[in-house]
Amino acid sequence: MTTEELKLSVATLFPAATFDETGEFLNVMVNLPEFRNVMKTLRHNSELSFDSLFCLTCIDWKTHLMMVYHMISKQHRHVLVIKVKLDNTVKPEIETVCDIWKTANFHEREVFDLFGVNFKNHPDMRRIMLDDNWDGFPLRKNYVDENMISL
Amino acid sequence: MSLLGEPELTEDGEFVINIGPQHPSTHGVLHLKVWLDGETIKKVQPHLGYIHRSIEKMSESLSYRNFIFATSRMDYLSAHINNEACALTVEKGLGIEAPPRAQAIRILMAELTRLSSHQLWWGCMGLDLGAVSPFFYGFRERESIMEVMEETCGARLTQNYMVPGGIMYDIHPNFQNRVKNVLKQIKENFKEYDDLLTGNVIFEGRTKGVGYLSPEDAISYGCTGPTARGSGVSCDVRKWFPYDGYDKLQFNEILETGGDCYARYMVRMAEMRQSVRIIEQMIDNIPEGDFQTKTKAVLKLPKGEFYQRVETARGELGVYIVSDGAASPYRIKYRSPNFSNLSALEHMAKGAKIGDLVAIMATIDLVIPDVDR
C-alpha cells in the first residue's frame, strides 16, 4: 500500500486517530484507551497485516512521555509508526503488546528499565539491564547521577 | 539462590544452574539461568546488562560528529557498519548524500567487515562444538583483513572511518592490491572450511534439527540477519531498503528453509561467498572524485525524526534519531540486531539438551556489547 492508501484505510478503521506525514514514515497518533485495540487490528487485519514490530521505544518530552512503535508488513511491504502520548510522567502506564509481537517482551522491559513505563499484563515486568534496586530511570531527561561525567 | 551458591532444586525437581557471566561459550558476559530436567532444558532466562554503558544516553550529550564513534563499541565485529548506519542517518537529516567514491569505499569496507566477522564466527562456532582447528583457520584470514583495515583506517577493530558526508580520508595506495590478494587467499581457503566443518559427520549431528525456529516465530521475535534467513524469512536490508548504492550490485540474498542450527550455519557460509562477489565487482571500479561532501563544522539536524537501517553481519541495525534542532540528538535509539535475536533464544532452546544450548548460541552469533549497548 502507498502512504495515501495506508492513511485512508487507518483513518476508516480508527476515526479518532490523527496523522503526521512530515517524516519518512506515516505517523499515527493514537489515544491511550483505544491503543490496544488499534495494535490488535493492525496485526490481524489482512489488508494491513503488520507482522513485524521492528522498533519499540520511548521519548521523554519533559511534559509527557511518547511511546513509539515502528512496524512493517513483510507481505505488503509498508511501514507505519504508532505513537501514544503518556501524560502521567510520575507513574506512566500502558498496555503490553508482547502477546501480539513476541519481540515486544524484551523491548518493553528495556523501556520499563530506562524510562519507568509500566506495561500492564506483561508476563515478566522486571528491569533488564540495570540492577533491581537501581534508583531512577537513566534515559529520563531529569535523571541526575553525581557519578556521571561529561565527555 | 546466590549467584555462586549451591545449585537450586525447584519443587518440580528441576535443577537450576547458571551459565555465565564468565563462560567461554557465551562470547562475552552473558548470564543464562537454566532450568533443567535431567539434561533437558525446561526454561532459559537471559540476564543482561553486565556491559551496559548506556551508549544512547551518552550520545545525547555528544555532537553529531562524535556520537558515531561510540557506536564502534556496540557490535565491535561490525564497527564499520555501525558507523555507516549513523553516518547515513545524519546524512538523511541533513539532506546530503555521500559522493560515489565514498559510497563505493563504504561498501567495500562493509563487506570486508562482514567477511571478517563471519570468519571469526566460523572459528568460534567450531571451538564451541569442540573442534579447535577452525579457530586458527578462521583467525588466519581474519588477520589478513584486519591488516588491510589497519593500513587504510589506522585501526583494526574500532575503525571510526565513516563520517557524515563520506569517509574520513582516502584509501591507502596499496588498498586495492592487498584486497585482491586477500580475496584470492580466502577463495582458496573456503574449501578448507567445508572440509573441516560443513561435511563433518559429528558437526552435522550436533547442528541438524537443533534449535528449530519457525518463520512465523522468527518474524514475531523480530529476528533479522542470518538467524531469520536460516528460517526462510527474507529480511536482507541491502535488498529491501538499499543504501549506499547496493541496488546497483549483483548479489543474492541467501535463504535456507531448515530453521535449525545447520541452516543458519549454511546461510553464513554462503554469505561469505556473496561478500567476496560484491568486493570483486567493486574493487576495480571505485569511481574517481571526492571522498567527502563538504559539511559545516558544527552539524545541526532540522527538527524531526530520522530512521535509517543497515545490514550488519548479525542483522538489521536501526538508528532512530529524534532531533529538536540542537547540535546533539535529543533522543537516539539503536535497534540492535542481537537484542531481538537473543529474545528468541528461550524459544529455540526449550526442549533441547544442555549441550545443544551452546550450538544454538553459536549460530545466533551473539556479541554481548551489542545486546547491552
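1. At what angle do the axes of helix H4 (residues 100-128) of chain B and helix H14 (residues 354-364) of chain B cross? The axes, which are lines fitted to C-alpha atoms over the stretch in contact, with angles from 0 to 180 degrees between N-to-C directions, cross at roughly 180° and come within 9 Å. H4(B) and H14(B) are therefore roughly antiparallel to each other (angles over 145 degrees count as such). Helices here are DSSP runs of H or I with at least four residues, and strands are E runs of at least two, numbered from the N terminus.

2. This is a predicted model, in which local features need pLDDT of at least 70 and side-chain atom pairs count only at pLDDT 80 or more, whereas totals for chains, interfaces and linings use all residues. Residues are numbered from 1 along each chain as its sequence is written, and chains are lettered from A in the order in which they are written.

3. Where H4(B) meets H14(B), Cys124(B), Met125(B) and Asp128(B) face Val358(B), Ala359(B) and Ala362(B), contact being C-beta atoms, placed from the backbone, within 7 Å.

4. In the loop between H14 and helix H15 (368-372) of chain B lies Asp365(B), whose phi is near 60°, a positive value in a residue other than glycine. Asp365(B) is buried, with 27 other C-beta atoms within 10 Å (the cut-off is 20 or more).

5. Arg373(B), in the segment after H15 of chain B, has a positive phi of about 55° although it is not a glycine, and Arg373(B) is buried, with 27 other C-beta atoms within 10 Å.

Methods:
Parallel < 35°, antiparallel > 145°, perpendicular 65-115°, else oblique. Contact = placed C-beta atoms within 7 Å. Buried ≥ 20, exposed ≤ 12 C-beta atoms within 10 Å, placed from the backbone.
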